[in-house]
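Dear colleague,

I am passing on the structure we spoke of, with the sequence and the coordinates together. Please have it open while you read the notes below.

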Amino acid sequence: MDAPLPGAWSNKRLLGFAVLGQLMMVMVATRHAFIYGGSFHVLLNVLESLGLIAATLVAGLALSRALRQANSVPLELLMRGGLLLTLVATLAPPFLSNDIWDYLARGRLDWLGHNPYTVAVAEHADEVGAFTDLARWTEWVLPYGPISALLQEWVSGLGSPWLAAYVWKLLMAACHVTTAILVLKTLRVVANERDARQGFVLWLWNPWLLLECCGSGHNDALLGMLLALSGYGLARARYALGTASYGMAMLVKHGSPPILPIWLATAYHQRQLRGFALGSLAVVGMITAAYYYYWTGPNGWDWILKQNNVAHGSLSSLLAGLFGETFGAAIRVLGAGLTLLMLLLACKRAREAQSGARLAILAMAVFVMLSVPNFAPWYQMWWLPLFALANLPVLTCVLTLLAWTGPLSYLVLTSTHGFGLAHETWMLLMAGVWPCMLILLDWREFVGKPPKTKAT
């Protein structure tokens with residue numbers, strides 16, 4: 001452990017600022033979820049937005065100091081502090097996204113014996129009961145994978161929507177903490193203890209990740225944990241683990257398909273095809289079980305084949321709305337072409353775990369920004385957990401900046417309490433466009449040969 005830096009904050013002050021930022025976020029969430037304000041609602045909306053800014057600034061400042069002092073503070077304290085921040089962030093009622101209520105409403109539908117992949121909540125609204133009242137997308141069938149479906153079913157079995165919501169949020173909070181530990185372990189393999197501690201803090205103490213994983217309870221926290229486990233498996237040359245955990249991530253939410261051929265190419269170059277095959281076999285078994293449990297009936301595959309019917313917030317959907325569908329389609333075609341080119345390049349250059357991760361991130365950044373018809377800030381978690389394996393300064397920069405811009409991407413929503421074009425445009429600019437641009441500007445680092453490390 002390093003000696004304390006000049007001007008370093010005390011451990012008490014460091015943790016105090018971080019906790020204060022999260023407590024302020026809980027206050028903002030409480031107002032947003034429960035206090036309308038009547039004729040004063042516009043004023044309260046403004047105050048709520050100012051509160052979001054203040055909470056982000058305080059929590060972001062604490063993260064910056066924690067990163068600076070990560071190697072002079074005991075790791076145990078960083079862990080305990082991160083656990084406390086995670087707990088406080090989990091206390092906040094869901095307020096910037098309704099997704100958790102849709103998870104639970106569809107889970108309740110499943111619990112009652114209906115297939116959420118072929119039946120919408122609205123078709124059994126009375127039976128689903130109080131879960132329906134809180135959900136938003138009641139006309140749509142479940143758009144996620146079978147691991148999400150099973151978890152949603154089990155949690156919704158608790159009966160009370162709010163009890164189920166907090167149990168779900170605790171599960172996602174546990175995923176957040178586990179991801180941070182996997183980041184630490186991965187960086188210890190591919191880098192050094194100094195980088196490992198900073199990566200650990202950057203994930204665990206990050207106010208944006210705390211908001212998305214613990215506050216909103218997005219199932220992307222589970223996807224991110226499994227993707228981090230995949231990266232750790234490849235870093236340790238355990239390709240069966242790396243492949244199986246990646247496949248399970250796709251069975252939570254199928255947002256990362258470009259990674260599959262890159263992992264295969266990496267396994268081929270590393271002569272790890274046996275491990276890749278074993279991991280793939282395990283995933284095929286899960287898919288087969290899910291097929292017979294969920295997808296054999298009429299319209300059993302509509303949940304994945306018709307998802308393009310929902311398109312909002314992405315670069316392509318915004319351009320389509322402003323200039324016509326031709327522009328939106330052109331962006332998606334461009335994204336598909338660039339992603340394919342990157343995959344072809346990756347199949348040649350992904351010769352070990354670290355180069356594979358770098359090329360996977362490059363392909364995913366373009367895929368999420370240009371090819372996916374929907375966009376939300378938490379979609380960046382479809383590739384972000386691989387930053388530890390890739391180990392590039394620009395990725396640390398992206399994750400650091402998202403700690404500030406991620407929460408602030410919701411400012412239009414907190415100011416208006418309404419979704420719409422202004423909210424989607426602001427969100428895209430604050431948490432979507434610039435991470436992709438930063439990565440593309442540094443493309444040579446992603447496609448170049450990484451230095452020799454302890455990775456494999």
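What follows is a summary of what was found, going from the whole chain to a few single residues.

Please keep in mind throughout that this is a predicted model. The secondary structure of the protein chain comes to 23 helices, with zero strands. Its radius of gyration is 22 Å, close to the 23 Å that the globule rule gives for 456 residues, so the chain is as compact as a globular protein of that length. Taken along the principal axes, the C-alpha atoms fill a box of roughly 60 × 60 × 45 Å. Buried residues make up 56% of the 456 residues, and, of the contacts with a separation of 6 or more, 79% are between residues 24 or more positions apart.

As for the surface, the accessible area of the protein chain comes to about 18,600 Å², and carbon and sulfur atoms account for 67% of it. The chain carries 29 positive and 22 negative charges, whose mean positions lie 16 Å apart.

Helix H7, which spans residues 146-156, deserves a look of its own. Nine of its eleven residues are buried, so this helix is largely enclosed by the rest of the structure.

With a relative accessible area of 4%, Thr243 is buried. When its neighbours within four places in sequence are left aside, Thr243 is in contact with Phe276, Gly279, Ser280 and Val283.

Finally, the cysteines: a search of the whole structure finds zero disulfides. Cys175 is in no disulfide, and the nearest cysteine sulfur, that of Cys213, is 8.3 Å away, whereas a disulfide calls for sulfur atoms within 2.5 Å. Cys175 counts as buried, at 7% relative accessibility. Cys397 is likewise in no disulfide, with the sulfur of Cys436, the nearest from another cysteine, 14 Å away. At 34% relative accessibility, Cys397 counts as partly exposed.

With best wishes

Key: Residues numbered from 1 in each chain as written. Predicted model: local features only at pLDDT ≥ 70, side-chain atom pairs only at ≥ 80, totals over all residues. Heavy atoms only, no water. Helix = DSSP H or I, 4+ residues; strand = E, 2+ residues; numbered from the N terminus. Rg over C-alpha atoms; globule rule 2.2 N^0.38 Å. Buried < 20%, exposed > 50% of the residue type's maximum accessible area, 1.4 Å probe, protein only. Contact = heavy atoms within 4.5 Å. Areas by Shrake-Rupley, 256 points an atom, 1.4 Å probe, with all protein chains shown as cover. Lys, Arg positive; Asp, Glu negative; His and termini not counted. Charge placed at Lys NZ, Arg CZ, Asp CG, Glu CD.
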